[in-house]
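Please keep the structure open alongside the text.

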Amino acid sequence: MALDMLGELEAFATVARKRSFVAAARTLGRSPSALTRAVQALEESVGVMLFNRSSNAVSLTEAGERLLPHAYKMLDLQREADEDLAGISGQAYGWVRFSAPEFLGHGVLPRLIAQYAERYPDVSVDVIFTDEIIDPAKSKLDFSIRGAFAQSSELIGFPLWNYSRYLYASPGYLERRGMPDSIEALEAHSLILHTAPRILKEWNFRSEEQAISFRVHPKFRFSSGLAVFQAALAGVGIARLADWMAEPEVEAGRLLRVCPEYKLTSSGGESPQMHAVYPAGNLPLRVKSLLAVIRGFGDSLGEKHAVML
């Protein structure tokens, strides 16, 4: 295929990934009509239909299924060539695609991406916000940001920042229901459980003196970490939250720490970590630069914590 078909291949591959011309156009920063024309031109060039189109859905034909892996390979080669040239010039350009927990879309990542875009104006960013675990290799992403604990896999881990988890509730809720004076007293309270990426049956508490495993009987279950956070603020109940999320609300008087001498850990007593994972291989400059900006946010959290101590 000629090099002038690379734009058509990118349009085809993005529509195949998004299963939508509109969503693909939004991702590539093009109009749906322009994307449709690019796919039609590719279909004319190869002589077969690549998509089954209906008013409700877009799906690959058999020919489209066969072409897709070849399209990915050609686009990967193009990106590698672009990256080699970028390494010579010291410039970063192209797309960075990654997934991140939903809460990071609540102010944190938009601010960091704004900083990044000012420094690297030729880079475009595509973010999937979800609390589910996404494999970046299978989803053709540059990396995935995850919280909690790193899982053993063939993916490479990139630490971003460490944090601790505690229980939090609003002053209004605690005024109505009272402050629990022990872990066992939580049984009488409305507990909010985050169900993604998996449902926990137990919370593991640790203080300087003891470790306690507590069987959770939630009154509310949410698949969204952002919803858990907002529910705690609204006075719905007691939630397990990351300190970097909740402590600014404590300082503002909108949340209080519950059973403050206990932090929540893994069953082995480990504290969680925000981290990114990516497939093995060299990271392009545009990806390394964005990860450095995100890690910088974690460094600022550490500096703030040191000042507080």
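The points below go from the whole chain to ring pairs, charges over rings and backbone details.

The model is predicted. The protein has 309 residues, and 45% of them are buried. Its secondary structure consists of 9 helices and 15 strands.

**Overall dimensions and surface**

- Taken along the principal axes, the C-alpha atoms fill a box of roughly 70 × 45 × 35 Å.
- The accessible surface is about 16200 Å², and carbon and sulfur atoms contribute 51% of that area.
- Of the contacts with a separation of 6 or more, 73% are between residues 24 or more positions apart.

**Aromatic pairs**

- A pair of aromatic rings is described by the distance of the centres and the angle of the planes.
- The model contains 12 aromatic pairs.
- One of them is formed by Phe12 and Phe51, with 5.4 Å between the centres and 55° between the planes, and this pair is tilted.
- Phe12 belongs to helix α1 (residues 6-18) and Phe51 to strand β1 (residues 51-53), so the pair links distant parts of the chain, 39 residues apart.
- Phe12 is buried, as its relative accessible area is 0%, and Phe51 is buried at 3%.
- Phe103 and Trp244 make an edge-to-face pair, with a centre-to-centre distance of 5.9 Å and 80° between the planes; the angle is classed this way because it is over 60 degrees.
- Because Phe103 lies in the loop between β3 (94-100) and α5 (108-119) while Trp244 lies in helix α8 (residues 243-251), the pair ties together parts that are 141 residues apart in sequence.
- Both partners are on the buried side of the 20% cut-off: Phe103 has a relative accessibility of 9%, and Trp244 has 12%.
- Phe103 and Trp244 also belong to a cluster linked by ring pairs, together with Trp161, Phe229 and Phe297.

**Charges over rings**

- Arg257 is placed over the face of Tyr166, 3.6 Å from the ring centre.
- Arg295 has its charged end over the ring of Phe158, at 4.0 Å from the centre of that ring.

- The buried residues of α8 are Asp243, Trp244, Met245, Ala246, Glu247 and Glu249.

**Backbone exceptions**

- Most residues other than glycine have a negative phi, and most peptide bonds are trans.
- The peptide bond joining Ala196 and Pro197 is cis, with omega at about 0°.
- Pro197 is located in the loop between β8 (191-194) and β9 (202-206).
- Lys140, which is not a glycine, has a positive phi near 60°.
- Lys140 occupies the loop between β4 (123-129) and β5 (143-146), and counts as partly exposed because its relative accessibility is 35%.
- Cys259 also is not a glycine, and its phi is positive at about 45°.
- Cys259 sits in the loop between β13 (256-258) and β14 (263-265); with a relative accessible area of 5%, Cys259 is buried.

Key. Residues numbered from 1 in each chain as written. Predicted model: local features only at pLDDT ≥ 70, side-chain atom pairs only at ≥ 80, totals over all residues. Heavy atoms only, no water. Phe/Tyr/Trp six-rings, centres within 6.5 Å; stacked < 30°, edge-to-face > 60°. Helix = DSSP H or I, 4+ residues; strand = E, 2+ residues; numbered from the N terminus. Buried < 20%, exposed > 50% of the residue type's maximum accessible area, 1.4 Å probe, protein only. Lys NZ or Arg CZ within 6 Å of the ring centre and 35° of its normal. Contact = heavy atoms within 4.5 Å. Areas by Shrake-Rupley, 256 points an atom, 1.4 Å probe, with all protein chains shown as cover.
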